[in-house]
Amino acid sequence: MFTPKRNASALEDELGNIRATTMNFRNIHEHGTLLAKYLETRKAIFIDRLKWQVGQVDGMEFDQYDTPACQWVVLHEFGEVLGGVRLLPSTATCGIYSYMLRDAQRGILGGLPTDILFFEAPVKPRIWEASRFFVTDNVSSARRLAVQQKLFHRMTVTAKEGGATSILGIVPSIWARWSRRLGVGATPVGAKFSIEGTVSQSVLFNIQK
């Protein structure tokens, strides 16, 4: 369960005018160009900086999991996207695809190992997947922790509102070190692996409380 270690007023002071918005295909019309800016920011991070070989068009990054089944949690301030994460129920399907960890285990995703989980990837309404987690370099070190905490908090709230009690995700292998700073508890559920030089690991967040 996500539990911020500092009081709410201190966090709000550091966050300033940063807002958290959860978008889906039903409400994207309410948020102007925010979804486009979010996908543009994903391109800047995952394609331009990290050199991932994923889909892009018109300056935006996307893949087969950006469907009406997903929800995008976006942090933004004065029109600038500062962070985000994508959530998808483990019961989602789109053609041959389900969700990233399960599809990697099934061997239909290049670049990810099939032993990405220690157990068979679940297909349960109460288990969701988090992917494409990021905080941009434009977030200063002075408020980076507060921004990360706000993003995790909104991710947890969004998943719980959708009926989830657990979230599967891929995090950097240094997770154990910085999760304590975030107040986020997670259990490793897969072996460490490398993507484009970054060592990562699958974890399970319990958000039931």
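Q: Which residues is T158 in contact with, leaving aside its neighbours within four places in sequence?
A: In this predicted model, T158 is in contact with T22, Q71, V73, L87 and W128. T158 itself is found in helix α4, residues 144-161.

Q: Why is T158 called buried?
A: Its relative accessible area is 3%. Buried means under 20%. So T158 counts as buried.

Q: What makes F78 exposed?
A: F78 has a relative accessible area of 72%. The cut-off for exposed is over 50%, so F78 is exposed. F78 is found in the loop between β4 (71-77) and β5 (80-89).

Q: Is R132 buried or exposed, and how do you know?
A: R132 has 6% relative accessibility. Buried means under 20%, so R132 is buried. R132 is found in strand β6.

Q: What is noted about the phi of F78 and of R132?
A: Phi of F78 is near 50 degrees. Phi of R132 is near 55 degrees. Most residues other than glycine have a negative phi.

Q: What lines the largest pocket?
A: The lining has 41 residues. F46, L50, W52, F133 and S200 lie nearest the centre of the pocket. Its volume is about 1,200 Å³.

Q: Which strand supplies the largest share of that lining?
A: Strand β6 does, with six residues. Among the other elements that supply at least two residues each are α2 (34-49) and β10 (198-206).

Q: How does the lining of the largest pocket divide by class?
A: There are 24 nonpolar, nine polar and eight charged residues.

How values were computed: Residues numbered from 1 in each chain as written. Predicted model: local features only at pLDDT ≥ 70, side-chain atom pairs only at ≥ 80, totals over all residues. Heavy atoms only, no water. Helix = DSSP H or I, 4+ residues; strand = E, 2+ residues; numbered from the N terminus. Buried < 20%, exposed > 50% of the residue type's maximum accessible area, 1.4 Å probe, protein only. Contact = heavy atoms within 4.5 Å. 1 Å grid on protein atoms, 1.4 Å probe; cavity = no way out; pocket = protein on both sides within 12 Å on 5 of 7 lines; lining within 4 Å. Points joined across faces, edges and corners; volume = space filled by probe spheres on them. Nonpolar A, V, L, I, M, F, W, Y, C, P; charged D, E, K, R; others polar.
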